[in-house]
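Here is a short note to read beside the coordinates. Please check each point against the view.

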Amino acid sequence: MSSLLGSLPPASIMIVGALLVPLLRGRVQTVYILALPLLSALQLIAFFGMPEGAHQQVELLGYTLTLARIDKLSLVFALIFHIVAFLSVVYASHVKDSGQHVAGIAYAGAGIAAVFAGDLITLFVYWELTAIASVFLIWARRTERAYRTGMRYLIIQVASGVLLLAGTIVHYQATGTLAFDHLGTGTLGTNLIFFAFGIKAAFPFLHNWLQDAYPEATVTGTVFLSAFTTKLAIYALARGYAGTEILIPLGVTMTIFPIFFAVIENDLRRVLAYSLNNQLGFMVVGIGVGTELALNGTVAHAFAHLVYKGLLFMSMGAVLHRTGTIKASELGGLYKSMPLTAVFCIIGAMSISAFPLFSGFVTKSMIISAVGDQHLFWAFIGLTFASAGVMEHSGIKIPFFAFFAHDSGIRCKEAPANMLLAMGGMAALCIGIGVFPAPLYALLPYEVEYQAYTTTHVVTQLQLLMWAVLAFAVLMRTGLYPAEMRSTNLDFDWTYRRGLPRALGGLERVGGAAWASLVRGAVAMVRGTVAQIYELCGPTGLWGRTWSTGSTVLWVAVLLAAYLVVYYLR
Amino acid sequence: MSDHEDRRWLDEPRNVTRLVWALVAVCAGLLAADLFYHKHAHFAWEEWFGIYAFFGFIAFFFIVLAGKHLRKLLMRDEDYYDE
């Protein structure tokens, strides 16, 4: 049995199994969707029993693809992905819309399969599958707004995939290998791949798809979305770019700038999306530092983060589900109606804020410690500052404005049982990891000598957090704390949602008909040129043999991307 | 259910004030704790008395007030993108 499971492509049970969900109805369907991640977990147990190295190698068109590369890094990510996938399915199990189950489970499966990919082509395939499957979790809201958001999300995700493919081909041309091991920046191919990973990891200026899209998905869809895409990118960066120093300033920037946006954001799921961006920053710094402690810290923090961030999104999803709104300006006092959800949310908030005995405390500190060990002064200050920021947006703002603050008068039912069960499971993990970090430490890629519970660490962390809470109390008491307001806050997405279209629109107005004929002319010219190029450079053409495939692919990718952008803006 | 029946301990302003004073006491205690152990730090400044407490307080204050000013620059109507 276990050898059979071990020979199936990773997560194929979830990916293929998801497609059969619409054939089932009612209770049978519920049992089936819950069984899929569990069966896949059995396969994972089989993988844990197999020797490290490349398994399931297949020949395709002369290339060797590795579907299952088994080592500590891939196993630990696959494990946490399974746990979160299962609890997310529990959370979503009341949903009657089969399409959402298909999308959620296939998306999770693609994420799991991607971390087992031993070569860049396999990685690319699952990389794109996560993009395509996940967009349906946004579209499932079935509103015009969700449709447009989904399109923006999909374009950016697919662009990341196109860059990954282009980088892979250029890299293959240069080195003759498709293996997905340490890549490092410095060559065109690896730089393109770095950029592709950077989009999904929400690097500064590449980040906005996250805050744009995640809060627009369905109640349960956002829980799935928050887990897999960005952490797959963290995994990929840890695998390919450990010790790449540029990641340190990039990561520190990521921890800091979203804090300010989170303070003024009214949509609490969008606050969490900014907070997610900030948490990714800690992991990116860890990858950039690249020491054993730093990488262990990154993996451990990703593990803990997947749980508490999922929990926070679940609690806000439950609020949205019961009250129909997630705007801080309309919520408040919900602890009276949803006491259990409030408790679970507070557990998530304390975990992300890294209070002692909660998961963030034993994982985030590994990264900060590694930064300190390398005497990276500014990064250390930046991360400590960002830790106070986490206390603000996720530690206080989320639970306070949803469940306490002024009583909004909203009276609703407690979250449904399946949601409470999922949140309970997540909350138990948050505390379990915080109190007994040893089992998690044992799963990490390198041996752990780190000790989280020292007097210095406990006292200084409590000082930082409690005095931050004190600052909050002072700000509230003096009326300096800004009121929650219904608003949209501009971020980098303004450039492609308003700035560029406006610039193009301006051209159109000025040029009027001239512009239209210009476009027609340009299209005809492009067609003609393409035909000519094909004649010259196609497989039978004179120049066809002298082009390097790598640079061609790159240019095709650039043109496709440009086309995509122009098409979208028009 | 009327609002009156649903009044809880936290709805009493006096109790909120009590909580705030409890918080002040906890914070004072944490600050004083720095006198009673030897810090193991990466940087010399980490050993300054109460530095983490002051850092947390000031950072939080700064973040919130900076956010408030950021609104002037970034805040638009809720339906800004829907027009």
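This is a predicted model: local features need pLDDT of at least 70, side-chain atom pairs count only at pLDDT 80 or more; totals for chains, interfaces and linings use all residues.

1. Size of the contact. Chain A brings 45 residues to the contact, and chain B brings 41 residues.

2. Who supplies the side of chain A. Five elements of chain A each give at least two residues to the side that touches chain B: α11 (247-264), α15 (359-373), α16 (377-403), α19 (455-477) and β3 (488-489). The largest share comes from α19(A), with 18 residues.

3. Of the chain A residues touching chain B, 25 are nonpolar, 13 are polar and 7 are charged.

4. β3(A) pairs with β1 (residues 75-76) of chain B. The sense is antiparallel, over 2 bridges. Within this pairing, Asn489(A) stands opposite Met75(B).

5. Geometry of α14(A). This helix covers residues 339-353, 15 residues in total. From first C-alpha to last, α14(A) reaches 21 Å, close to the 21 Å expected at 1.5 Å a residue. Ala354(A) follows α14(A) and has a positive phi, near 70 degrees.

6. Is α14(A) mostly covered or mostly uncovered? α14(A) is mostly covered, with 11 of its 15 residues buried. Among them are Phe344(A), Cys345(A), Ile347(A), Met350(A) and Ile352(A). Gly348(A), Ser351(A) and Ser353(A) are also buried. The buried residues of α14(A) pack against α13 (292-323), α15, α16, α17 (417-435) and α19 of chain A.

Methods. Residues are numbered from 1 along each chain as its sequence is written. Chains are lettered from A and ligands numbered from 1 in the order in which they are written. Two residues are in contact if their C-beta atoms, placed from the backbone, lie within 7 Å. Helices (H or I, at least four residues) and strands (E, at least two) are DSSP runs, numbered from the N terminus. Ala, Val, Leu, Ile, Met, Phe, Trp, Tyr, Cys and Pro count as nonpolar, Asp, Glu, Lys and Arg as charged, and the others, Gly among them, as polar. Two strands pair if DSSP finds at least two bridges between them. The expected span of a helix is 1.5 Å times one less than its number of residues. A residue is buried if 20 or more other C-beta atoms lie within 10 Å of its own, exposed if 12 or fewer, and partly exposed in between; C-beta atoms are placed from the backbone.
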